[in-house]
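Open the model in your viewer and keep the selection panel at hand. The tour goes strand by strand, then into the cores.

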Amino acid sequence: MTDLADALDRTGQCELVRFRTQSASTSSNETRLARRGLWAPLWRRSLGRSIDGLLPRVDVIHVAGLATPPTKTIPLIISVDDLRPLREETRTHQRINQLRRAVAHGAFLVASSRSASHEVLDVLGVQRSRVVVVPPAVPIVEVTVSGEDLVVNVTGLADLFLALAPELVRFAQAHGSRVVALTSAEVGQRIRAGGSQVTVLPRRDARTALANARVVMHISDGARFPSFAIAALAAGVPTIARATEINRELLDGAAALVGSDDEAVTTLDQVWSSESRRAIMVAAGRSRSIDFAPDTAARAYVALYRDVVRGWSS
């Protein structure tokens, strides 16, 4: 959201008021919400005090994350980037009820892809007109010049990575490289406990990992927007991803998609070793990443804000 906010400022087409719903303001350009700590727990249920009176005069409010504060007279837009709380294996009824309640009071939901919007509609059972598709902003990264690491982004499929890790390590060592896993602290502990020769980095070190990557492998359950994979494309790093529905929609033609987990190492060998294939993937990836750059996302959101405000006023 910070990258999107900065890009919105650069458009010069809207006056931005920045605020935080779940934590205290961290800079002078953020509006402080009075008694935020009191209302935040209720906002996670779309209940409590409306946020209208806590902000300067605005035409539309856009939030992301777990807090969805009610509004009285201002249209509310909610980004839904994580589908895990909506899925059977991790279904969180509080989140489902929260989003349904927000839509019932007039909120619009923003999904990050068409496939994600279908899932949101199926689970929530809300009107199609209340769910729109706008990809989030993916931060600009430096182009990787001479990376040597196999960087694996693990999001939601720790068991699969742990099963693949020995073979990936053998592959990397045979090519004078190493395996670097970007993951959560919990999964990082499991990797270290397993004794595999994998370097574990927290997600906050994603830029550092990309700067040293020769190939990125994106191992995801498909519940979240593949921001890291798209950042890898922008950095000119050939990328491999599982052929989930969202990855086929967003990455097909730019990344190497594998339909079976058994194909991962075979595909890795081809992407690692073939300079002609790497050159094609780098060009395609750089081109695709432009679709998700912050300035591109900002233009799409400005159009969305105008449409919502126009419809709200009519």
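Start with β10, helix α8 (residues 227–234) and β11: together they form a right-handed β-α-β unit. Right-handed means that, with the strands pointing away from the viewer, the path from the first strand over the helix to the second runs clockwise. Helices (H or I, at least four residues) and strands (E, at least two) are DSSP runs, numbered from the N terminus.

Before going on, note that this is a predicted model: local features need pLDDT of at least 70, side-chain atom pairs count only at pLDDT 80 or more, and totals for chains, interfaces and linings use all residues. Residues are numbered from 1 along each chain as its sequence is written, and side-chain values use heavy atoms, with hydrogens and water left out.

**Select 213–220.** This is strand β10, and eight of its eight residues are buried (under 20% relative accessible area; exposed is over 50%, partly exposed in between; 1.4 Å probe, protein chains only).

Strand β7 runs parallel to β10, joined to it by seven bridges. Look for aspartate 149 opposite alanine 213.

Strand β11 pairs with β10 in the parallel sense, over three bridges. Here valine 216 faces threonine 239.

**Show the whole sheet.** It is open, has six strands and pairs in parallel, in the order β9-β8-β7-β10-β11-β12. Two strands count as paired if DSSP finds at least two bridges between them. At the edges are β9 (198–202) and β12 (256–258), each pairing on one side only. From one strand to the next, the twist averages 20°.

**Zoom in on β12.** Three bridges link it to β11 in the parallel sense. Its valine 258 is the bridge partner of arginine 242.

**Select 275–289.** Helix α11 packs on the sheet and touches β10, β11 and β12. Its direction makes about 65° with that of β10 (axes are lines fitted to C-alpha atoms, for helices over the stretch in contact; angles run from 0 to 180 degrees between N-to-C directions).

**Now the cores.** The largest nonpolar core has 32 residues. Such a core is a set of buried Ala, Val, Leu, Ile, Met, Phe, Trp, Tyr and Cys residues joined through side-chain atoms within 4.5 Å. Which element gives the largest share? α4, with five residues.

**Pick isoleucine 61.** Beyond its neighbours within four places in sequence, its contacts (heavy atoms within 4.5 Å) include Phe19, Ile51, Leu55 and Ile77.

**Last stop.** Another core lies apart, with 30 residues, among them Val179, Ile191, Ile219 and Leu268.
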